[in-house]
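I opened my notebook to look a few things up in this structure. Here is the model I worked from.

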Amino acid sequence: LEQNVEELENQLYSAQQELVQVKELRKQEAEVSSATVRELTADNAALTEDLEASNVKLAELESSVLKIKEELTSAEESRDKAVLSSHAASEELAAVSELLET
């Protein structure tokens with residue numbers, strides 16, 4: 001009977017040690033999980049900042065493209081006017097030349 005009691009005490013001690021280890025592992029797991037959540041939250045915040053900066057840069061580029069398009073349109077209009085003026089001047093020159101020849 002004493003031997004059975006001693007064996008049961010040993011089993012109880014072992015079970016208690018395992019319980020302590022399990023509790024410690026769960027505590028460590030919770031700490032790791034919390035650290036992981038904090039790291040992921042920080043990563044998410046950094047990515048959000050990067051995205052916002054990229055959106056600002058994109059808006060600036062879109063504005064620049066719009067300005068360039070406007071300048072191109074204005075340059076094309078000026079070119080068209082210059083071509084028309086050149087044709088008109090050529091016609092006037094031809095008319096003056098014709099008058100001079102007669």
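Is Arg 79 buried, partly exposed or exposed? I found a relative accessible area of 49%, so Arg 79 is partly exposed. My cut-offs: buried means under 20% relative accessible area, exposed over 50%, and partly exposed in between, with a 1.4 Å probe and protein chains only.

Ground rules before I go on. This is a predicted model, where local features need pLDDT of at least 70 and side-chain atom pairs count only at pLDDT 80 or more, while totals for chains, interfaces and linings use all residues. Residues are numbered from 1 along each chain as its sequence is written, and side-chain values use heavy atoms, with hydrogens and water left out.

**Entry: the salt bridge.** I searched the whole structure and got one salt bridge. For that I needed a side-chain nitrogen of Lys or Arg within 4 Å of a carboxyl oxygen of Asp or Glu. The partners are Arg 79 and Asp 80, with their closest N and O atoms 3.0 Å apart. I looked up Asp 80 too: its relative accessible area is 40%, so Asp 80 is partly exposed.

**Entry: the fold.** Helix α1 covers residues 2–101.

**Entry: overall shape.** I got a radius of gyration of 43 Å for the chain, while a compact globule of 102 residues would have one near 13 Å. That radius is taken over C-alpha atoms, and the globule rule is 2.2 Å times the number of residues to the power 0.38. Along the principal axes, the C-alpha atoms fill a box of roughly 145 × 15 × 10 Å. I also checked burial, and 0% of the 102 residues count as buried.

**Entry: stops along the helix.** Where does Gln 17 sit? I found Gln 17 in helix α1, and its relative accessibility is 33%, so Gln 17 counts as partly exposed. From Gln 17 to Asp 43 I read 26 residues in sequence and 39 Å in space, C-alpha to C-alpha.

Ser 33 is in helix α1 as well. Its relative accessible area is 38%, so I wrote Ser 33 down as partly exposed. Ser 33 and Gln 3 are 30 residues apart in sequence and 45 Å apart in space, C-alpha to C-alpha.

Leu 99 also has its place in helix α1. Is Leu 99 buried or exposed? Leu 99 counts as exposed, because its relative accessibility is 63%. Leu 99 and Lys 67 are 32 residues apart in sequence and 47 Å apart in space, C-alpha to C-alpha.

How values were computed. Helices (H or I, at least four residues) and strands (E, at least two) are DSSP runs, numbered from the N terminus.
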